Amino acid sequence: MTDSELLVVGVDVGGTNIEVGLVDAQHRVQARAKGATPVDGPEAVLTAIGELVAALGAEPLSVGVGIPGVVHDGQVLTVPNLSGWHDPFDLVGELTGRLGLPVTLGNDADVGLLGEWLAGSAVGARDVLGLWMGTGVGGSLILDGRPYHGVRGAAGEIGHVVVQAGGALCTCGRRGCAEAYAGRRSMQGVASAMVEAGWQTSLFEIQEQEHKPKLTSSVWARALEAGDELAGKLFDTAVESLGVAVGSAVNLLDLDTVIVGGGLAEKLGQPLADRIAGAAAPWMLQPSPDLQFTVSALGDDAGVVGAAVLSRAALLAG
Ligand SMILES: [Zn+2]
């Protein structure tokens, strides 16, 4: 058996979609499957993962899963952006039982950054912040050349760094977090409220045209491209808020690399990373002259490739 036949499956559970890929030892995605993320709780999500893995029609050695929540010891403690997840859930135990394969679990932002670090934009970097713009704002860290998870796996939550004390209500229940201004779910809430207050925008028409259940990254990208005033205004606020959070993170950690990923980064590319760099600059005290802001190289595949890497590493560790 050659290296490239040592296939593992990476699963990226997002707030909107679940993406599954069959990944070889060179981190290449050989086959993929995708479906909408069920909104009725963990059992439905497990069923969807099982169906997508089966749809790959392969015999993988193991499965790695990235999920947008706090993960500790194979348990999902909380998943703020998925409906129906209330209590801690033994995802590794349940999914191993269903698939009959070894399963490894990580936070989606952590596995995404792992993918970028081993096979994408952050190869060779030592101190890295991964910033993922999606339904929420995910974050992850590599410090001193190794992934950093903190005491309980909750480190790197750049989305819940407070950028305005007493500010807008965040999905986490606190106020003034970066995610309250830059997470797509929060931005949609503000857009709806502003439309009710009489503002004009093409955002919701584009959503209808594209048959999307919510304002997705592609909807935002189209509205921004068309010069939609409200979309531009909300997006400016999002970028400025992320700039405050990232600038503070750089002051705290003296990073060499900031990776910007997620659905919006996929659509907008390096100009988005450049805009966040510009927004962070005024807040940075003494940044490294080598500090780079780079868009994710793996794009939509970062989560799948990273989850596969996590699973492969667990296999090697036995
Ligand atoms: Zn928050």
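Which residue forms a salt bridge with Glu43, and how far apart are the closest N and O atoms? I looked this up first.

**Basis.** I am working with a predicted model, in which local features need pLDDT of at least 70, side-chain atom pairs count only at pLDDT 80 or more, and totals for chains, interfaces and linings use all residues. Residues are numbered from 1 along each chain as its sequence is written, and side-chain values use heavy atoms, with hydrogens and water left out.

**Entry, salt bridge.** I found that Glu43 pairs with Arg98, with 2.7 Å between the closest N and O atoms. The rule asks for a side-chain nitrogen of Lys or Arg within 4 Å of a carboxyl oxygen of Asp or Glu. Glu43 sits in helix α1 and Arg98 in helix α2, 55 residues apart, so I note a link between distant parts of the chain. The count by this rule is seven salt bridges.

**Entry, α1 and α2.** I took helices as DSSP runs of H or I with at least four residues, and strands as runs of E with at least two, numbered from the N terminus. Helix α1 (residues 42-55) packs on helix α2 (residues 91-99) at about 40 degrees, the axes being 11 Å apart. Axes are lines fitted to C-alpha atoms, for helices over the stretch in contact, and angles run from 0 to 180 degrees between N-to-C directions. This makes α1 oblique to α2 (under 35 degrees is roughly parallel, over 145 roughly antiparallel, 65 to 115 roughly perpendicular, the rest oblique). In contact terms (heavy atoms within 4.5 Å), Glu43, Leu46, Thr47, Ile49 and Gly50 in α1 meet Leu91, Glu94, Leu95, Arg98 and Leu99 in α2.

**Entry, sheet.** I traced an open sheet of five strands with mixed pairing, in the order β10-β9-β8-β11-β12; two strands pair if DSSP finds at least two bridges between them. β10 (146-148) and β12 (292-295) are the edge strands with a single partner each, so one side of each has no neighbour in the sheet. On average, neighbouring strands are turned by 25 degrees against each other, direction ignored. β11 (residues 257-261) pairs with β12 in the parallel sense over four bridges, and Thr257 has Gln292 in β12 as its bridge partner.

**Entry, helices on the sheet.** Helix α8 (residues 229-253) touches β8 (128-133), β9 (137-143), β11 and β12, with its direction at about 160 degrees to that of β8. Helix α10 (residues 270-280) lies across β8, β11 and β12, at about 150 degrees to β12. I also checked α8 against α10: they pack at about 60 degrees with axes 7 Å apart, and are therefore oblique to each other.
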